[in-house]
Amino acid sequence: MRIARFTTGEDPLYGVVTGEIDELGQPSEDSVVVALAGDPLYVGVKLLDQQFRLPDARLLAPVLPRSKVVGIGRNYAAHAAEMGNDVPTEPLMFLKPNTSVVGPGDPVFYPPQTQDLHYEGELAVVIGRICRDVPAEKATDVIHGYTIANDVTARDLQRRDGHFTRAKGFDSFCPLGPWIETDLDPQTFKDGVRVQTFLNGEVVQDGSTADMVFDIPALVAHVSSTMTLLPGDVILTGTPEGVGPMEVGDEVEVSIDGLGTLTNKVATR
Ligand code: MG
């Protein structure tokens, strides 16, 4: 099931998106979004007798993390190498504030403090229930679904600060969407799902989730051994190699097979 959050000009609603996704990650023309009575994270999936053509709905970030977005650094060996880093011996965690989250089609703002703003296309895991100390073999029980993220990073500030908070924490630095797919399984990603990033239509990242250093159950176990996870919290699983700069006016698309495509443009505030 694909759970979206959307507006048609009124208050935002949650909905279930129907229809096929083509190989470019775009939904078919006849896709519709069926409205739901409330946030399915809290009230379950209750369909309303109300539906809209998908092109008539503006999709919003499919989840508003109640407390945090947990990023994982250097989780693909080739990306660690391109940054001149070794692969960590345990997952390298950082936090992005929930105020960094924006939705599909929303602008990513280029802050004046940076001269080196990078895209990082990533698979995102959405947590479905409050949990702590989750063993890897139970990770599936606490996962609500999967979506796509761009872990936008001010690379120069990351190097200069030696910490990730400012470099990854600006408003609009965490585009999420276009929806949450609830039917996939961690094993699917372990087997390998293609993650691609396009900059103005050109492929700049082309990786496979099979190349993650730490798989999804291991990440859920590791993060939840440190901090309690709440419904709607998000774990970003790291980026494949090929990160690079974006400029104002650029369009960035992150596509993950079976999930769809997340598109955002870079803008000045
Ligand atoms: Mg990242």
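Predicted model: local features only at pLDDT ≥ 70, side-chain atom pairs only at ≥ 80, totals over all residues.
Q: Where does threonine 197 sit?

A: Threonine 197 is part of strand E15, residues 194-199. Strands (E, at least two residues) and helices (H or I, at least four) are DSSP runs numbered from the N terminus.

Q: And what does the side chain of threonine 197 make a polar contact with?

A: Its partner is the side chain of glutamine 205, at 2.8 Å. A polar contact is a pair of N or O atoms within 3.5 Å; within protein, one must be able to donate a hydrogen and the other to accept it, and residues adjacent in sequence count only if both atoms are side-chain atoms.

Q: Switching to the metal, which residues are the protein donors of the magnesium ion?

A: Glu120 (OE), Glu122 (OE) and Asp151 (OD) are the protein donors, 2.0 to 2.1 Å from the magnesium ion. Donors are N, O and S atoms within 2.8 Å of the metal (3.2 Å for Na, K and Ca), and sites may look incomplete as water is not among the atoms.

Q: How are those donor residues spaced in sequence?

A: The pattern for the magnesium ion is E-x1-E-x28-D. Glutamate 120 lies in the loop between strand E10 (117-119) and strand E11 (121-127), and aspartate 151 in the loop between strand E12 (143-150) and strand E13 (153-154), so this pair ties together parts 31 residues apart in sequence.

Q: Are glutamate 120 and aspartate 151 buried or exposed?

A: Both glutamate 120 and aspartate 151 are buried.

Q: What about helix H7, how many of its residues are buried?

A: In H7 (residues 216-226), 8 of the 11 residues are buried, so the helix is mostly covered. Among them are Ile216, Leu219, Val220 and His222.

Q: What happens at the start of H7?

A: There, a side-chain oxygen of aspartate 215 comes to within 3.0 Å of the backbone nitrogen of alanine 218.

Q: Last one: where is valine 45?

A: Valine 45 is in the loop between helix H1 (40-43) and strand E4 (47-53). With a relative accessible area of 42%, valine 45 is partly exposed.

Note on methods: Residues numbered from 1 in each chain as written. Heavy atoms only, no water. Buried < 20%, exposed > 50% of the residue type's maximum accessible area, 1.4 Å probe, protein only.
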